[in-house]
Amino acid sequence: MVKDEYNVIGVMSGTSLDGIDLVYAQFKLEDTWKFNILCSETIAYSDFWVSNLKTLVDKTYDALRQLDTTYTEYLAQTIKTFIKVNAIDRLDAVCSHGHTALHTPKKGLTYQIGNAPIISKLLKHIVVCDFRVQDVALGGQGAPLVPIGDKLLFSEYDFCLNLGGFANISSEFKDERIAYDICPVNIVLNHYTNMLGLPFDNKGEIALSGTINVDLLSKLNQLDFYREPYPKSLGLEWVKSKVIPLINNFKIEIKDILCTFSEHIAIQISKEINKKRDAFVFITGGGAYNMYLIKRVNYHSNNKIIIPDRQVVEFKEALIFAFLGILKLRDEVNCLKSVTGAKKNHSSGVVFMP
């Protein structure tokens, strides 16, 4: 399916459990790739799905496989509704990340639910999905996958920084794309905000009301992950085993946890973006709306922060997974060894025909 123009749907579900991001976009290959977001929507998860997706790492393999089928059917129905509501009649493919259930690449394991072959039959469209498995099989981290999109769609920025469940960053160093996870963000902030009966800390106002616990901040900054070289990536398992127990040991108020962890995020991010001077830092993801966090990042760095329009902030990852699917259909590289540590650049993902 090699041509110069594609209309595709990108689908993304992140670890912060905000919901399913869907974007319908047109991509054109001129001198470079151009895109136009035609419509987009986030479908919030029900309590049933939030509860199940939060505990994926605790489920047995058999339970996980069963839930995979149910989630794939749910995802297909969600996409079908999106197509119907937006009267989408030109569609080359649906390109879906699925939802990460397990991700321990050091053990050669990554598993995203929602990628069962039945999805293409249910949708009656070509589906490109399961982008991570091949990279892990080639010795890579299976993440992050977005940097090829940063390179080809957002090349005018020195850093592309996404603040979702985790902070991940990509940039060009010595004519090579480098990318990696920096630290947890909303996966931790939302965990504690949920304890207050709130879905998230709006604009970081609760964190702003808190006080930094210096001892906790110091211990967070000393976590081994931050001394590891890239390529490297984070998963829910690491947060549950290393970060949450550490924070809970301090038995401090939630507002102080949020304040302290926000400072931790800002310090870890600034360490990375300060590797270049006078840089333009393009920030997307839900964390871009956390004004307190952005203020703290600004405090620790002199670089220029750019936050784009709402659609790009909220749907950049879904947009790029749509683009990854196009590259797969064209049998072009969509996964960079310089980013993931795989043995070679490759065209990753599985194509299911209806």
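**Sheet and helix packing in a predicted model**

Helix H12 (residues 310-329) lies across strands E8, E9 and E11, and runs at about 80 degrees to E11. This is a predicted model, in which local features need pLDDT of at least 70 and side-chain atom pairs count only at pLDDT 80 or more, while totals for chains, interfaces and linings use all residues. Residues are numbered from 1 along each chain as its sequence is written, and side-chain values use heavy atoms, with hydrogens and water left out. Helices (H or I, at least four residues) and strands (E, at least two) are DSSP runs numbered from the N terminus.

**The sheet**

- Five strands form an open sheet in the order E10-E9-E8-E11-E12, with mixed pairing; two strands pair if DSSP finds at least two bridges between them.
- Strand E10 (176-184) and strand E12 (304-306) are at the edges with a single partner strand each, so one side of each has no neighbour in the sheet.
- From one strand to the next, the twist averages 20 degrees.
- Strands E8 (residues 159-163) and E9 (residues 166-173) run antiparallel and are joined by 5 bridges.
- Asn162 stands opposite Asn168 in E9.
- Helix H10 (residues 254-273) packs on the sheet, where it touches E8, E9, E10 and strand E11 (280-284); contact means heavy atoms within 4.5 Å.
- The direction of H10 makes about 165 degrees with that of E10; angles run from 0 to 180 degrees between N-to-C directions, and axes are lines fitted to C-alpha atoms, for helices over the stretch in contact.

**H10 with H11**

- The axes of H10 and helix H11 (residues 291-300) come within 8 Å and cross at roughly 45 degrees.
- H10 is therefore oblique to H11 (under 35 degrees is roughly parallel, over 145 roughly antiparallel, 65 to 115 roughly perpendicular, and the rest oblique).
- The residues in contact include Cys259, Ser262 and Ile273 of H10 and Tyr292, Arg296 and His300 of H11.
- This contact divides into 9 nonpolar, 3 polar and 2 charged residues (Ala, Val, Leu, Ile, Met, Phe, Trp, Tyr, Cys and Pro count as nonpolar, Asp, Glu, Lys and Arg as charged, and the others, Gly among them, as polar).

**H8 with H10**

- Helix H8 (residues 214-221) packs with H10 at an angle of about 40 degrees, the axes being 9 Å apart.
- H8 and H10 are therefore oblique to each other.
- Among the residues in contact are Leu216 and Asn221 of H8 and Phe261 and His264 of H10.

**Lys124**

- Lys124 is in the loop between helix H3 (118-123) and strand E7 (127-129).
- Its relative accessibility is 64%, so Lys124 counts as exposed (buried is under 20% relative accessible area, exposed over 50%, partly exposed in between, with a 1.4 Å probe and protein chains only).
- Lys124 and Met353 are 8.2 Å apart in space, C-alpha to C-alpha, and 229 residues apart in sequence.
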